[in-house]
Amino acid sequence: MQDIRMATYTHGQPSVSLGDEKFRRPMVIEIIEKKMEYLRKEKTLNVYGTVFFGTAASFSGMLANFIFRHCFKVKHDALKTYASVTTLPFLSTVVAYKFLVTDALYLGNISQENCVLRSSLVGIVCGVLYPTGLAFSKTGRLAVKYHTVPLPPKGRVLLYWLLLCQTEVKAMMIPLVFQTVFGIFNGLRHYAIFESTLEKTVRDD
């Protein structure tokens, strides 16, 4: 009789019957599948948004490189410079967004406002300022190397280069506005997706 009681009760708790076990197992599997689906959707949307962000940075680099090559009358090493001003901004934008926005969201360290601010700053710095400076530097070196424009006077190098392309460089306002707006939009959407996924996961628990 004592053995029967021990089989039926363990530390004061009734043992789980075979019927209950069969009923609970599909529920656990369903909850796990839902969580995996939520995480899969969130990851897919985040990857698409980040890749699009990086691609926009690459186009900014292409535009800046085209402007400076035209202003400095450079026609050498086109493939080499275009490859660098598209690849490096893309990688820097993707990596910066992951560390500053995505990872911070998963750790729960930032608010919605902070998420939007970080996203827009990544778009401005890595998506516009960095590719513009990179294209300016590479094209300026080629201009000096091949003597396509007169050499600047000593002590006024930067000012001299800027005066040569001050009108055309205003076209970079287009990617600046676009990256800022898209950075705000992407930050808001990313935070909303994260909050929605978190709420659904907690609700299912």
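**Reading a predicted helical model**

The protein averages a pLDDT of 80, and 75% of the residues score at least 70; pLDDT is the predictor's confidence in each residue, from 0 to 100. This is a predicted model, in which local features need pLDDT of at least 70 and side-chain atom pairs count only at pLDDT 80 or more, while totals for chains, interfaces and linings use all residues. Residues are numbered from 1 along each chain as its sequence is written, and side-chain values use heavy atoms, leaving out hydrogens and water.

User: How many helices and strands does the protein have?

Analyst: Helices (H or I, at least four residues) and strands (E, at least two) are DSSP runs, numbered from the N terminus. Here there are 6 helices and 2 strands, in the order α-β-β-α-α-α-α-α along the sequence.

User: Which residues does the "transmembrane region" annotation cover?

Analyst: Such positions are given in the numbering used here, with feature names shortened, and annotations may be inferred rather than shown by experiment. The unreviewed UniProt entry lists residues 45-68, 88-108, 115-137 and 157-185. Residues 115-137 are 100% helix, with end C-alpha atoms 31 Å apart. Residues 157-185 are 72% helix and 0% strand, with their end C-alpha atoms 38 Å apart.

User: At what angle do helix H4 and helix H5 pack?

Analyst: In general, two packed helices are described by the angle between their axes and the distance between the axes. Axes are lines fitted to C-alpha atoms, for helices over the stretch in contact, and angles run from 0 to 180 degrees between N-to-C directions. For H4 (residues 112-146) and H5 (residues 157-164), the angle is about 95 degrees and the axes are 12 Å apart. H4 is therefore roughly perpendicular to H5, a label for angles of 65 to 115 degrees. Phe136, Gly140, Ala143 and Val144 of H4 meet Leu158, Trp161 and Leu162 of H5.

Notes:
Parallel < 35°, antiparallel > 145°, perpendicular 65-115°, else oblique. Contact = heavy atoms within 4.5 Å.
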